[in-house]
Amino acid sequence: MGNNHSSSVDMYPQPVPVSIPRSHSHPKSHPQPHPHPHPHPHPHQHQHVHPPRLSRKRSAFTLGCTSASAFDDEPPHIPYPVPIKGCDRASLTTTSSSERDLSDNEKLGAHTPHQALHRKRSFDPPPLYALSTSTAELLDDRPAAAYRNFLKVYPEYQLTWILDILRRTDFSRLDRSGETYVDYMGGSLYPESLIRVHTGFLQRNVLGNTHSVSNASRMSSVCAEEARAAVLSFFRAPPGYTVVFTANATGALKLVGEAFPFSAGGALVLAADSHNSVHGLRQFARSKGADVHYIDALERGGVDVNETKEILTRHHPRHRKSPPSLFALTGQSNISNTKNSLSLLAHASSLGYCTLLDAAALAPTSVFNLAETPVDALAVSFYKMFGFPTGVGALIVRESVLERLERPWFAGGTVDVVQAPGNVVTMKDDLRERFEDGTINYLNLPAITDGLRFLSAYLPFLPLRLSCLMHYLTGSLDELRHEGSDAPVVRLLSRLPTKRLRAVGEQSDTGSVVSLIFLFPSGEMIPNSFIEYAAAQQNISLRTGCMCNPGGAAALLGLQDAMAALPHDASLHAFEAHMGRELGVVRISLGLASDFQDCWRVVRFAESMGSASERGRMWDEWLARRQSGDSHH
C-alpha cells in the first residue's frame, strides 16, 4: 500500500502502526521464482567477508491476506468516506510501493485498505460477514437478526470491517472448526499467513547459532538485529533503549528482579492486583533485606491513584545515595480488566524509583508509546500479542538501567572470559548479551519482526471493535435471568468499560476481559469446573480459576480477609475446603480475531445455564464423567 494512492480519507491513527525497519534487501533486478504466495527471497551468494543479506520486505497487509479466492465473496460495508479520529493514512504503510515486489498471487490477494475500499463500495446488501457459515446457523435466523440489531446500536463497529476480512482469511479455521475462542488473555491466536511466511523463510534459508561467525550464524544475527529494531520501533522507543530477548514476560520480569540491587533501606512497591510473575519479585527484594509494600486492590481491581502516590511518597529514596527502590506496575490486569494509570510511572520516577511495567496484558490490544510514557523497563510476551511464536518474550530496557543491574550468575553467551578452575569472570562488552542466557531463540526471531508488522497494521482498529463487543457482551450477560424468575444467571465481577469508543484511534479505559461467576436460581455459585465442561461441549474455549493473579481474584470475590488469614502451609485444596466452594472466576477475553458471532455464542451459552432442563442435562453428564474418573472434565 503505497503513499501515492490519492484519497481524502484519513484512515489510520497516528500512534500506530509503526514503520518496522527492513534491511539488506535484494535489488529487484535479481528476482527469484517462488511457489509460495508470500516469498522470502533466497540470499545472494557472498564472499565470506560480507554478512549474509536478507530480503524479507513484505507489506503488513500481505501478511494479513491469503489468496484472491478468499476475497471472492468480500462482505459489504457502509459507504466511505468517514472521519476517523487522529489518523494518518500513510502511517500504516510499513514499506513503500516501490520497495515491494509481490508475486502474482500477492497482487491478487493482498488488498490494501484503499483497494478494498473501492471494491466494497459496489456492495449494498446488509453485511452478514461476521457470522459463521455452518449449516445449522444458516438455517437459523437468530444470529443474523441479532447482528442487524447489534449494528443499529453500534454502527461504529462497521468501521472495523478490515478485521472481518482478516477473520475470514487468517483466522478462517475458527469458523471451519466451529470453535468459539475467547481466551485471548491466555494466548492470542496466530494468523495463518504469519506461519506460512515464517515456514517458507526457514525452508529457503540456513540459520545457525548466533555464537559463531559462519554464514549461517551471521544470517541468524542479522535476523536477531532486525527483530530488536522491530521491537524498539513498535513501542516507539527513543534512543537509549535496548532489547533483551527472553522466554516470555515472566523471564523478563525475573531478569530485573534477580539483578536489581536491592538492599536494606530499599523498597519494592507493587500492586496486589498483579500477576504472580510480578509478585515473585518480592522474593528477590526480601532476600536482600529490602522492604516490600503492597498497594491494595479496589473492589473491581486495579489501584487507587491517590493511594498509590501516597505509598510511593512514603517509601521513596530520600537522596541519591539511598538504596535503590523499584516500583512494579501492572499495565492491565489479566483478571479484573483494569487499566492502571501509566502516569504513575512518571510520578514514581520523579521520586527516585526505578520503574518496571508488566505490559503482557496491555500490549496485545492497546497502543503503548515509550516516547510519550517512558519507563525504565518493560516486559512483554509475543505470543500474547500475535499468537506465534511461543517461547519468545522481551525486556525493553534503558541501557543506563541495565548497567546498574547486577546478575547473580553467568552462563554461555553472557561472558567473554571464564577462569576454570578459579574466580575470574569477564562479562561481554555488549550489555544486552550479558542478560541473554545461552542461545537465543534464533529460529523464531524472524517471526517476531513479521508479527509486529502484522499487528501494527490492524491494531489501530482493535480498540474500537473490542469496545463495541465488550459493551454488547457485558450488557447482554447482565440482563440474563433464570427461566421463570428474576434471579440473575451471572454476576459480573471485573471492571466494566465506561467509555464507549466512536472512532478508530481512540483508546479504551479498560481491557477486553470479562470475569464473572455463574449462579444457580438460589444465588449459589455454580462450580467453575462445571461451567468449563459445559462450555467445552458447546465448543467454547474459555478459562476458569484465579488466572495466576491471587490478589486480583481475592478483590473480585471479596476474599481479602480470607487471603490475609492464610496459613504458611496453605494449599488451594485446603483453601477451597475452608471456603466451602471452588475459588476463582470464569474469564472471557476477546482479541484480534474476535467478532460479533463469538460474543453471540457466549451469550447463548450463558442463556442455556438459565434453563433448568438444559443445565440439568449437562450437570448429569458432568457428574457421570467425574465419577468415571475422566480427569479432562
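Me: What are the ground rules here?
Reply: The model is predicted: local features need pLDDT of at least 70, side-chain atom pairs count only at pLDDT 80 or more, and totals for chains, interfaces and linings use all residues. Residues are numbered from 1 along each chain as its sequence is written, and side-chain values use heavy atoms, with hydrogens and water left out.

Me: How many salt bridges does the structure hold?
Reply: 18. A salt bridge here is a side-chain nitrogen of Lys or Arg within 4 Å of a carboxyl oxygen of Asp or Glu.

Me: Start with Arg167. Which side chain does it meet at 3.1 Å?
Reply: Asp175, in a salt bridge, N to O. Arg167 also pairs with Asp595, at 3.3 Å, N to O.

Me: Where do Arg167 and Asp595 lie?
Reply: Arg167 lies in helix H6 (residues 161–169). Asp595 is in the loop between strand E15 (585–589) and helix H23 (596–608), so the pair ties together parts that are 428 residues apart in sequence. Helices (H or I, at least four residues) and strands (E, at least two) are DSSP runs, numbered from the N terminus.

Me: Is Arg167 buried or exposed?
Reply: Buried, at 2% relative accessibility. Buried means under 20% relative accessible area, exposed over 50%, partly exposed in between (1.4 Å probe, protein chains only).

Me: And what about its two partners?
Reply: Asp595 is buried, at 0%. Asp175 is partly exposed, at 21%.

Me: Which residues do shared partners join into one network?
Reply: Glu225, Arg228, Asp430, Arg432 and Glu436, through salt bridges.

Me: New topic. Which residues make the nonpolar surface patch?
Reply: Phe410, Val418 and Val425, covering about 210 Å². Patches are made of residues with over 30% relative accessible area and no salt bridge; like charges are joined within 9 Å, nonpolar side chains (Val, Leu, Ile, Met, Phe, Trp, Tyr) within 5 Å. Areas come from the Shrake-Rupley method with a 1.4 Å probe; for residues, only the protein chains shown count as cover.

Me: Where does Val425 lie?
Reply: In strand E10 (residues 425–427). Val425 is partly exposed, at 33%.
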